[in-house]
Amino acid sequence: MRIPAHSVCTAIRDDIVAGVHERGSRLTEELLARRYGVSRVPVREALRTLEAEGFVVTRRHAGACVAEPTEQEAADLLEMRMLLEPLGAARAAQRRTEAHLKVLRGLVRLGQERARRGNSEDLRSLGGWFHETLAQACGSPALTSTLAQLRHKIAWMYVVEAPADPVESWAEHGGIVDAVARGDSERARAITALHAERATSAHRLRFPGASDRAERVRTSQHPVNMLGSRH
């Protein structure tokens, strides 16, 4: 059975995000094919996709390598997310389905329960699923895809600290869902913008040589497992 290139792409991307393939390291088709138990054809296709996404670069005499983003590029991702997530929430208020609402409400219910119990590991996963579902509810495949890429790249470049007040954080999630359910796009946009700004302050660059660029971005804002993993 031929394993599709998108499954191979997901597996390689997840390993890059997890640090299995280190920044700047070579990605040879032969070794990757052996690691993921596939032929070189889907690996080649996956590397092209990952290069388009910014996870991989092609270097002369070295071939495909894991990218090494600069601090400014990393900080730009946070700024992009703070602009695009509120847009996605506003669109979701206009285009969400009842199925999206059911999932979002269920995640908020679980998140608020776990927050009261102080289970931070569950909260990280639930938060990822919440924002993924909210992005899907926006009704724009292009925006959904862009937000997914941002989440993956931010998870790769940053360590995210647990929120100081998880109960308050999940109250904000609940407020977003309430606005989306009412079709109040401006309210959904405003709460999501505030939530994204607060969440950004918990991000710390993973790589050495971090400057205060990410902090300047934050303070300038105003109100093979082929199944893959969620971030």
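Before listing anything, I note that buried means under 20% relative accessible area. The model is predicted, so I keep that in mind for every entry.

Entry one, on α1. I asked which residues of α1 are buried. They are Ala5, Ser7, Val8, Cys9, Ala11, Ile12, Arg13, Asp14, Asp15, Ile16 and Val17. With 11 of its 14 residues buried, α1 is largely enclosed by the rest of the structure. I then looked up the packing partners of those buried residues and found α2, α3, β1 (56-59), β2 and α7.

After α1 comes glycine 19, with a positive phi near 85°.

The largest nonpolar core has 34 residues, and Ile12, Val56 and Trp156 have the most contacts inside it. At least two residues each come from α1 (5-18), α2 (29-36), α3 (40-53), β2 (63-66), α4 (71-95) and α7 (141-157). I was pleased to find the top contributor: α7, with 7 residues. There is also a second, separate core of 20 residues, and Ala89, Ala93, Leu107 and Val108 are among them.

Entry four, on one residue. What does isoleucine 12 touch, leaving aside its neighbours within four places in sequence? I noted contacts with His21, Leu32, Tyr36, Ala46 and Leu50.

Key: Residues are numbered from 1 along each chain as its sequence is written. This is a predicted model: local features need pLDDT of at least 70, side-chain atom pairs count only at pLDDT 80 or more; totals for chains, interfaces and linings use all residues. Side-chain values use heavy atoms; hydrogens and water are left out. A nonpolar core is a set of buried Ala, Val, Leu, Ile, Met, Phe, Trp, Tyr and Cys residues joined through side-chain atoms within 4.5 Å. Buried means under 20% relative accessible area, exposed over 50%, partly exposed in between (1.4 Å probe, protein chains only). Helices (H or I, at least four residues) and strands (E, at least two) are DSSP runs, numbered from the N terminus. Contact means heavy atoms within 4.5 Å.
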